[in-house]
Amino acid sequence: MSMLTCSWRTACAAALALVPATGAFAQNTGPKEAANPSQAAPVSEAYPVEAIGDGVTSGGYNQSRWAEDWTRYRNPAKRDDPIDRLKFIPIAADGDVYLTLSGELRLRVNQTTNPNLLNSEAQRQDINRIVGGADLHLGKHIRVFGELAHGGLAGRNLGTPAATLRNDLVVQQSFVDVTGTVSGVDLGVRYGRQTFADGPNLMVVPRDNNTIFFVYNGTRAWARGKTLRADVFDFRTTRLGFGGTGDDVTDQARRFSGISAGVVLPKSFLGGSKLFVDPFLWRLRNTAAVWGPRTGREVRDFYGLHVWGDAGPVNLDWTINHQGGSYDGRKIDAWLILLAQNYKLGKSKTAPRVGFHADYASGGGAYGTGTLRNALAPFGNNIYYSYQLFATPTNLIAFAPNVTFSPLKAVRVSAEYQLSWRDTTSDAVYRANGTAFARTQNVAGRKIADTARLQAVWSISPRISVTGRYEHLMAGPALTNAGYKSSDFLAGWVSLRF
């Protein structure tokens, strides 16, 4: 079966499906599995399942557990152990009504020197994630999914922890969907709290680096044919508390809606390829957006095109996006260009890959008047530029060569050296959460940092993985002139899924 080999950014999502928060490094995680066929009739298999906007499934597992297909365990002879029995629990004799249980345990330690890039005691985070989910299929057309999660955090010099790291208990997902086929087109609608990943990985992703996922509340609907598809959605984000399930509420201040489409290019294109073109039109409304010293209402429109896939040994993931709209009565005019590509040195699944990513995120206007030119990624992969969360695609130019290889059969090692600059020195350097490093808008210096990164993933089995990660951020004049320091980051964790 010919399947798409992971790109630098798509590989990020693939790795997230295997081992939480594997980051920006390319991972050759193998073939992508079929999406859950209960979402539609057989027509759903006509549109390539790796491109339907549900993230990447590898080894049977997906970051969004509802996207997994375990119907092979309908046959008891294929169940090898007690965990296999949990993946398909028949309720009706015909097998169309069944329950799938899922879960995850992740134990992780992070160590960061000079947290917040300030000269201070190192921070240690001892983190645990515990997740349990249930996927109830009520025949071929109706499904109910629920998922609870706990985030534990201890350590030293923690500061003020975010609710995405420390949370007693949260309803991470809770939705119902209805699917069917009309005139050869696979149709579906989903309502409730849900993950969403239908777009470039750097713009929309559930953020597996967090302990608690970034999830939305609202409606998603789709139509999928053989070579064309379209998703429409209307969401509000979730504002998390720290206690039980009662303090995690829909955030009425932020609304995210739009359409993501997809086109399968002919395989004969470029002499043999598997490429996808995904146009998207989104709108993000935020009643309390912060730019510079101001807080105001922002309506930001995203007009974009995402081209990705394989052309022979070359894997590419390109996005071009213009952002318009208004902020506090001011015009928005921003650009986001994200170009990642790599080349496979051999034909085996674990063959080395060499590549680079080159990215441009416009900047300017946050500390002035007139047009706001700062780009932003609405809910993207917030570790792509910095494991310490010290960078984001706002007022940023980045270039990073990288290499990925397998010294052992089950071990994948990735290395990257990233150079980053400001687009304009009259605006700040921005963290992954969108906030500015104080005073950086007032100092000279275009260079933000050089960042060396190394990661190793040992996939013991599809259920168990061990990850080690190191990053050294060498602060440049745009940071040091404002009093900020360099930083080291070291992390390790083990993940168990069933």
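Strands β21 and β22 run antiparallel and are joined by ten bridges; strands here are DSSP runs of E of at least two residues, helices are runs of H or I of at least four, and both are numbered from the N terminus. Two strands count as paired if DSSP finds at least two bridges between them. This is a predicted model, in which local features need pLDDT of at least 70 and side-chain atom pairs count only at pLDDT 80 or more, while totals for chains, interfaces and linings use all residues. Residues are numbered from 1 along each chain as its sequence is written, and side-chain values use heavy atoms, with hydrogens and water left out.

Strand β22 also pairs with β4 (residues 97-112), again antiparallel, through nine bridges. The table gives the pairings of β22.

| Partner strand | Bridges to β22 | Residue in partner | Residue in β22 |
|---|---|---|---|
| β4 | nine | Arg-108 | Trp-493 |

β22 covers residues 487-497. Its covered face holds Ser-487, Phe-489, Ala-491, Trp-493, Ser-495 and Arg-497, and its uncovered face holds Asp-488, Leu-490, Gly-492, Val-494 and Leu-496.

The largest nonpolar core has 47 residues, and Tyr-216, Phe-256, Trp-282, Tyr-385 and Leu-479 have the most contacts inside it. Such a core is a set of buried Ala, Val, Leu, Ile, Met, Phe, Trp, Tyr and Cys residues joined through side-chain atoms within 4.5 Å. Elements giving two or more residues to this core include β10 (228-239), β12 (274-291), β21 (464-475) and α3 (477-480). β12 supplies the largest share, five residues. Tyr-216 touches, among others, Phe-196, Val-204, Phe-235, Phe-256 and Phe-379, leaving aside residues up to four places away in sequence; a contact means heavy atoms within 4.5 Å.

Asp-54 sits in the loop between α1 (8-18) and β1 (57-58). Asp-54 counts as buried because its relative accessibility is 6%; buried means under 20% relative accessible area, exposed over 50% and partly exposed in between, with a 1.4 Å probe and protein chains only. The side chain of Asp-54 makes a polar contact with that of Arg-220 at 3.2 Å. A polar contact is a pair of N or O atoms within 3.5 Å; within protein, one must be able to donate a hydrogen and the other to accept it, and residues adjacent in sequence count only if both atoms are side-chain atoms.

Overall, the protein has three helices and 22 strands. Buried residues make up 56% of its 498 residues. Its C-alpha trace spans about 70 × 55 × 45 Å along the principal axes.
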